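Here are a few exercises to work through with the model open beside you. Try each task on your own, then follow the solution step by step.

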Amino acid sequence: MKLGIRELFVFVLLLGFLGGAYFLGFKRLQAQRAFYSDDIARKQLTLRALAQSSATLVQLESELTALRDSVKLFEKKLPREKEVDQILSDVWKLAEQNTLRATSVKPLKQDKAGTSNEQPIEITFEGEFSGFETFLKQLENSDRIIRITQLELRKITDAHKPMQVKLVLNIYFEADQTVATIN
C-alpha cells in the first residue's frame, strides 16, 4: 500500500479530529467531572458534620431533660416562705431528740439566692458531742435544702459542763408571691 497525499491528508484530518475532541470534549468533561467530584466530597463532608450535630443535639436534649428533672426535684424540696417556721421547728425537734438544748435562736438578715431566698438563722446549742454529731447527720439527710454556713465549737474546759455549739443555718425557700390590687 502506497501512502499518497490524499491518505496523508485524511490521516492528519483524523488526528486533528482526535486532538480537537480531546481539547474541546474530553478535557472539558474531565474538568466538569473534577468539579462535580469535589462538590460531592464537600456535600458529604457537610452531611457528616450535620449528622454529628444531630447526634450532639439529641444528646443535649437528653441532658436538658435530666437537668429539668433535677430542677423539679429541687423545687419540690424548696418550701414556701410560710413554711420556714415549720422547718425551724423540725430542726428544734431534731436537736431535742439528740439531747441538745438550744440556748439562743437569732434570725439574721434574709438574702436573695438566685431564684430563691435564704434565711440565715444563728442557733446556739449546749449538749454532748455525740448528740451533736447525730444531729448533723440527721440534718444532712433532711429532705429540705438547709446549709450550715458557720460552725463554732467551744472547747469544754470543765468535764461536767456541756459542749457549746454556735452555728448558722441557711434555710432556702421560695418567696410567696404577693400581688398588689388596685381599688
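A residue is called buried under 20% relative accessible area, exposed over 50%, and partly exposed in between (1.4 Å probe, protein chains only). The model is predicted, so local features need pLDDT of at least 70 and side-chain atom pairs count only at pLDDT 80 or more, while totals for chains, interfaces and linings use all residues. Residues are numbered from 1 along each chain as its sequence is written, and side-chain values use heavy atoms, with hydrogens and water left out.

**Exercise 1. Work out which salt bridges aspartate 39 makes, and where its partners sit.**

Step 1. Start with the rule: a salt bridge needs a side-chain nitrogen of Lys or Arg within 4 Å of a carboxyl oxygen of Asp or Glu. By this rule there are six salt bridges.

Step 2. Find the partners. Aspartate 39 pairs with arginine 42 at 2.6 Å, N to O, and with lysine 43, where the closest N and O atoms are 3.3 Å apart.

Step 3. Helices (H or I, at least four residues) and strands (E, at least two) are DSSP runs, numbered from the N terminus. Aspartate 39 and arginine 42 are three residues apart in helix H1, so about one helical turn separates them. Lysine 43 is in helix H1 too, four residues from aspartate 39, again about one turn.

Step 4. Check the accessibility. Aspartate 39 counts as buried because its relative accessibility is 16%. Arginine 42, at 47%, is partly exposed, and lysine 43, at 51%, counts as exposed.

**Exercise 2. Which parts of the chain does the salt bridge of glutamate 118 and arginine 147 link?**

Step 1. Check the distance: the closest N and O atoms of glutamate 118 and arginine 147 are 3.8 Å apart.

Step 2. Locate both ends. Glutamate 118 is in strand S3 and arginine 147 in strand S4 (residues 146-154), so the bridge links distant parts of the chain, 29 residues apart.

Step 3. Read the accessibility. Glutamate 118 is buried at 11%, whereas arginine 147 is partly exposed at 42%.

**Exercise 3. Describe the largest nonpolar core and the surroundings of phenylalanine 125.**

Step 1. Define the core: buried Ala, Val, Leu, Ile, Met, Phe, Trp, Tyr and Cys residues joined through side-chain atoms within 4.5 Å. The largest one has 20 residues, and Ile123, Phe125, Phe132, Phe135 and Leu167 have the most contacts inside it.

Step 2. Name the contributors. Two or more residues each come from helix H2 (84-97), strand S1 (100-107), strand S3 (116-127), helix H3 (129-140) and strand S5 (163-173).

Step 3. Look around phenylalanine 125, taking contact as heavy atoms within 4.5 Å. Beyond its neighbours within four places in sequence, its contacts include Ala95, Leu100, Phe135, Met163 and Leu167.

**Exercise 4. Is threonine 124 buried or exposed, and what does it touch?**

Step 1. Threonine 124 belongs to strand S3. At 11% relative accessibility, it counts as buried.

Step 2. Leaving out residues up to four places away in sequence, threonine 124 touches Arg101, Ala102, Thr103, Ser104, Val165 and Lys166.
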